[in-house]
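I am opening these notes to keep track of what I look up in this structure, entry by entry. My topic is how two chains meet.

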Amino acid sequence: MGKKVKTSRKGKKAWRANISMEDIHDYFEKSTKDALSGGSLASVPTESLFFIDKSKDLSVKRKIEKKREKVLRVDSVLKKNPFVEAVPSSKQKDSKKKKKEALKAKDVVVQDVPKDDSTPDSGMVPLWGNQGQQSGKARQACKQSIIPAVEVEPPGCSYNPSFESHQDSLAQAVAEEMQKVYKNELGPQPVPLTVMGEVIDEDDKYFMEADDGSDDEMNEENLSEKEDTLTEKRPSKTRRVTRVELNKRARRKELQRKEAEAKRAKELSEDIDTLPDILQEIAKEDEEKQKKHLRRVIAKQERLKACPPRLGKYKFQPAPPQVLLSEELTGSLRKLKGCATLARDRFKSLEKRGLIPPSAKTGRK
Amino acid sequence: MGKPKHYRPPGKKKEGNAARYVTRSQAIKILQVSLSDFRKLCIHKGVFPREPKKKVKGNHHTYYHLKDVMYILHDPLLEKFREIRAYQKKIKKAKAKKNDELARLLLSRAPSYKLDMVIRDRYPTFVDALRDLDDPLTMIHLFAMLPAIDRLKIEAKRIHNCRRLCHEWQAYISRTHKLRKVFVAVKGVYYQAEVDGQKITWLAPHARQQVLTDDVDFNVMLTFLEFYEALLGFVNFQLYHSINVKYPPILDPRLEALAADLYALSRYFDANYRASVREPQVAGSSRSEQELEESDLRLAQLQHQLPANEPGALMHLVQDAASEIEEDEATRECKKLFQNKKIFLSREVPRESLLFVIPAFGGIVSWEGDGAPYAEADDSITHQIVDRPTQGHVYLSREYIQPQWVYDCVNARIILPTEPYTVGRDPPPHLSPFVDDEAEGYIPDYAKTIKQLQAAAKRDVQPLPGTENDDLDNSENMLAEGYISRTKAMEAAEKKQQMMLLEKQYHDDLKMELQVVSSINKQSPAKDMESKEESLPDVEQSAIGTEDPSRLMMSRKKRGLAIAIEMSKQRKKDHVEKLKERKRNIEAAQKSEKKHKKAQLY
């Protein structure tokens, strides 16, 4: 609406108004800035300004950092606060805890003192103090098996055994082997994987079963029919018991009772007569019981000595004894054919003592 | 009015075996660890499966006692295992992202665990640890022989550690003369030492290649080994400190490179002893780290200074130590066995074993190879141990014998005559020292001759207790002569022996009865302490005999055991009879054969 300002005008004033001085101003500003900050960056070669960071994958790092900057509220809540004590997973009684702490403090003292003058670098401490004593309460050691950790072989297994003991050990080894063989021979036959005969089709099988089944069903039906007829014929209502009959029954009952009493009395008198015999019998029974018990105790002892209790799915199988054969006896340590499966021997010992449950034989063939 | 027994309100605890025992999978659920971690924890904490009377979940499960599971649950080791598992996941993740740098960084900071508290928990006193040392020693000796295989995660580092631990143990035993019995069997060499009154038996395999079979779970074995390594380390530490030797021994690198660790260790002992003698003068009241380092350096130097071929070095050491360590009868006897004997080992004999055994009985020993204390040409060598069919070059001043001689001497505790052991001959049978001949009832022939020799040696030595050292060689010569023409002396000895036998029988009877008592005690380990107090009256009881009155006094269980023991005795007797019978048969057969031959000749 208003009048438009006229922009073009002739004369000096007009020049000044229309020509913008901004770029010049900017230039001066920039140059002064550069001068202050130590030279313009434009003149510097690009190599010195930038370099390619080959050490890391930048994009991945940026991503990770971006994520790291953000702290979710859940995380910030879960962050450990130094002023709040952690909640222990299990609550202990105060007195116990205090005792333990005291003990620990003592231990620390015990551990620290010898550390100073003995071995600072090895990280070893005298666990049992200097006298081999320990004050702390220890857990009752759990019952170990009665089998010793290292069983010394019988004298027949010496590298140069005497003749008799060698024969003895050899016989034992042979007996064990033979026992295995006999067990294989005399044991139940395994179920065969294949059966002789022709292969029967699925359809045929169905028909066979159907034929067999039909006969049976027929018979059953017949039988059940007969039964039904029988039950129908039977009179359903009960007969009335007469007084005469009741009396009869009562009398019979009385008679039976008397007879039983008499019998009992007779037996008693007989028993009294044969009292010594009965006493003997009882003694015999007791003895037998005791013997049975004894047998069980002994058997259990021997079983425990020979093998561990059944601890898992598999049964423990002992390793065969290591005896030299008669032709391997050289009498020389140099020519001795030593046992090469000691690792297995140790493993079997662990199993035998019940430290680990026996595992199935996993021999690759 | 009580509730019916079968009714159990919901939420109430169950009773009996169902509540007391849990299967393995239940235990894992309780502990919230993986199966492999659970197995490791069980081995470290000494928790083993049990056999409940009623197997509630079936016969094909492994059961653990709930108390044992709780025992694991309260252990700090469990938390540590979880931490390690979480950390492993981090490493795995870094590796999966191909972030090798991070993985390496994480690996270098991986948390580890220590077993010292566990060991202290399981073995409250040092004697407890010693008592249980059989298995650790055997296992560590075995692994020292195994090849390192990556597939089974058997690292070379661990095998070296095992070797080191073995040598440290052997050096201690050898140095303090605690070895008692040695038995060379097909499996390996059985040693028995007596430390702090505890008999420790272990098996060291022969120096042969070991085969690793597939039926052995090496994960389990390695876990056991881990615990045993820690245990033996602490035991060695304790033992070394008891004789005033610094524990992680600093060895001469030259000898170590030559695989003569045992010898290096013995030299270390010697040097350390001398150093400890000097140290109080040098080190004043306060000792800084630097001084310690210096003393270490000096130690190493001292080892170098020790003259390499000084023959008396070990003997010197033995004499020095004598004043310090209080010794019992057996130790003194063992120390003097090979005194004044200078033994040289040929190339083909088992060096490790003999280097351990001979110094343990006071002998000086050297071997063929670099770093040996003296060479084969040394004139003062009295015995050379060879194991070859014929010996080429022979020094007249020494005797050439087979290695078995050493072991038999050690077991008999006398110097045996050397003729049966000379080169090229079949040596007499190597008898097991672990068999109690009297208890067994059957005595092999060679054991009888050894016994006679022992009796003779005792008679020779006893009148001259002061001068026995000088007379040892003489007595040996006499023994040798006596062995060749054993007539008069033996007859005289026989009378004495009979007396001794009677005495022995009496002792044996006593021992048997003691065994009865001890085996009964074993039956009830919980009541062990009480029964120890009661053991005296028990002995008296059993001394009365196995008649009815004493038996009536026993409990039913003990009575059963006593009868069982009698039965086993009877069986043993029968067995001995059988052996004798067999021998008679063999002899008869041989005789008849000879006759036959003679008949054929004529």
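Before counting, I noted that a polar contact is a pair of N or O atoms within 3.5 Å, where, within protein, one must be able to donate a hydrogen and the other to accept it. With that rule, and keeping in mind that this is a predicted model, I found 28 residue pairs in polar contact across the interface of chain A and chain B, both residues of a pair being at pLDDT 80 or more.

I then looked up which elements supply the side of chain A that touches chain B, and those that give two or more residues are α6 (94-117), α7 (163-186), α10 (275-306) and α11 (342-352) of chain A. The largest share, seven residues, comes from α11(A). Sorted by class, this side of chain A has 33 nonpolar, 27 polar and 18 charged residues.

Next I turned to the extent of the contact, which takes 78 residues from chain A and 101 residues from chain B. The two chains bury about 7900 Å² between them, and 61% of that area is on carbon and sulfur atoms.

For charged pairs, I counted seven salt bridges between chain A and chain B. In one salt bridge the side chains of B:Lys187 and A:Glu153 meet, at 3.3 Å from N to O.

Finally I followed α7(A), whose 24 residues reach 34 Å from the first C-alpha to the last, close to the 34 Å expected at 1.5 Å a residue. Among the buried residues of α7(A) I listed A:Glu164, A:His166, A:Asp168, A:Leu170 and A:Ala173.

Definitions and conventions: Residues are numbered from 1 along each chain as its sequence is written. Chains are lettered from A and ligands numbered from 1 in the order in which they are written. This is a predicted model: local features need pLDDT of at least 70, side-chain atom pairs count only at pLDDT 80 or more; totals for chains, interfaces and linings use all residues. Side-chain values use heavy atoms; hydrogens and water are left out. Contact means heavy atoms within 4.5 Å. Buried area is the accessible area (1.4 Å probe) that two parts lose on being put together, summed over both. A salt bridge is a side-chain nitrogen of Lys or Arg within 4 Å of a carboxyl oxygen of Asp or Glu. A polar contact is a pair of N or O atoms within 3.5 Å; within protein, one must be able to donate a hydrogen and the other to accept it, and residues adjacent in sequence count only if both atoms are side-chain atoms. Helices (H or I, at least four residues) and strands (E, at least two) are DSSP runs, numbered from the N terminus. Ala, Val, Leu, Ile, Met, Phe, Trp, Tyr, Cys and Pro count as nonpolar, Asp, Glu, Lys and Arg as charged, and the others, Gly among them, as polar. The expected span of a helix is 1.5 Å times one less than its number of residues. Buried means under 20% relative accessible area, exposed over 50%, partly exposed in between (1.4 Å probe, protein chains only).
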